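The sequence and the structure are shown first.

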Amino acid sequence: MTKYRIDILTIFPDFFRGPLDYGIVRRARETGLVEIDIHDLRAFTKDKHRTVDDRPFGGGEGMVLKPEPIFECLESFGDVASRELRLSPGARQSVILLSAQGRRLDQTLAAELSTLDRIVLICGRYEGVDERISEHLADREVSIGDYVLSGGELGAMVIVDTVTRLIPGAVGNQASTRQESFTEHAELTVDGPSSTCVSGGLLDYPHYTRPADFRGMAVPEVLMNGNHDQIRSWRRKTALAKTLRNRPDLLERVALTADDKELLAQIKLAQSILTQSNGKN
Ligand code: SAM
């Protein structure tokens, strides 16, 4: 078994105390599936103040993370492939700069990263990182969403979590990661009573557990009758309905079956009847 390696470069190493110590990430570390090392960029400074930032050339607001500590930290590993190799097809490593300007992280990118052997995550701070990091050191920039964080540490943690749970062996039942929201290219049907619906790029279907009646809020009857065909169909329909309501953009990309299209037509019809009757009241 090849151990998946993650290195995180940060000026706030203590930030990661805690987040790495729970749930799937903790178990993956303990079982040796993943090794996560945190590197303090200040250890790669040479002045007595351990300076990691400086004023921007050309003037303007704020400070910028200097290139030297980041280059030197990465070079100190001694075993990270050159940027050219990392950019070539079949590369097994990626050096990622966390940046609001990067490619937006999604399940497809997380799945792609989970097939590598190693990722290095560079966390920016202040106004950002000297551009030479993205031009000459990192092989990609990744954003966790269209908003600006104060630093890359939360983004790095999001990548660690999404990628780790996709590494084979990290989640007890690996099939469950194929049935989750946004999981594209998943086969549309899976055998077995617990695999009644796979996402195929939709949002996940609703989940319920005991009690069957909580303060008068009842679990849908269909989930308790043991009829797997009916459960599968209900789950697909509710996944379609939820996707239509919360993320209609996803429906453009999903390969819908004839049954899905029929279910969607029923959902839209029910919604328009509801809207009309609400309009009348
Ligand atoms: N001046 C930058 C801009 O407008 O794009 C924002 C810099 S931000 C205050 C400081 C650091 O936080 C960035 O260098 C990056 O590492 C991280 N960061 C901010 N937003 C992020 C996002 N959406 N995804 C990933 N990292 C982010």
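## Domains, a helix and an aromatic pair

The centres of domain 1 and domain 2, taken over C-alpha atoms, are separated by 37 Å. The model discussed here is predicted. In the protein chain, domain 1 covers residues 4-164, and domain 2 covers residues 179-280.

Helix 4 comprises residues 107-114, and its buried residues are Gln 107, Leu 109, Ala 110, Leu 113 and Ser 114. These residues lie on the same side of helix 4, because they cover an arc of only 160 degrees around the axis. The elements that cover the buried residues of helix 4 include strand 1 (4-10), strand 5 (93-104), strand 6 (118-122), strand 7 (140-143) and helix 6 (153-164).

A search of the whole structure for aromatic pairs finds 2. One of them is formed by Tyr 208 and Trp 234; this pair is tilted, with 6.5 Å from centre to centre and 50 degrees between the planes. Tyr 208 belongs to the loop between helix 7 (175-178) and strand 8 (213-214), whereas Trp 234 belongs to helix 8 (residues 228-246), so the pair ties together parts that are 26 residues apart in sequence.

The table gives the accessibility of the two partners.

| Residue | Relative accessible area | Class |
|---|---|---|
| Tyr 208 | 46% | Tyr 208 is partly exposed |
| Trp 234 | 18% | Trp 234 is buried |

Trp 234 counts as buried because its relative accessible area of 18% falls under the 20% cut-off. Tyr 208, at 46%, is partly exposed, because this class lies between 20% and 50%.

Methods:
Residues are numbered from 1 along each chain as its sequence is written. This is a predicted model: local features need pLDDT of at least 70, side-chain atom pairs count only at pLDDT 80 or more; totals for chains, interfaces and linings use all residues. Side-chain values use heavy atoms; hydrogens and water are left out. Buried means under 20% relative accessible area, exposed over 50%, partly exposed in between (1.4 Å probe, protein chains only). Helices (H or I, at least four residues) and strands (E, at least two) are DSSP runs, numbered from the N terminus. The arc is that of the directions from the helix axis to the C-beta atoms. Contact means heavy atoms within 4.5 Å. Domain bounds come from an automatic or database domain assignment. Rings of Phe, Tyr and Trp (its six-membered ring) pair if their centres lie within 6.5 Å; planes under 30 degrees apart count as stacked, over 60 as edge-to-face and the rest as tilted.
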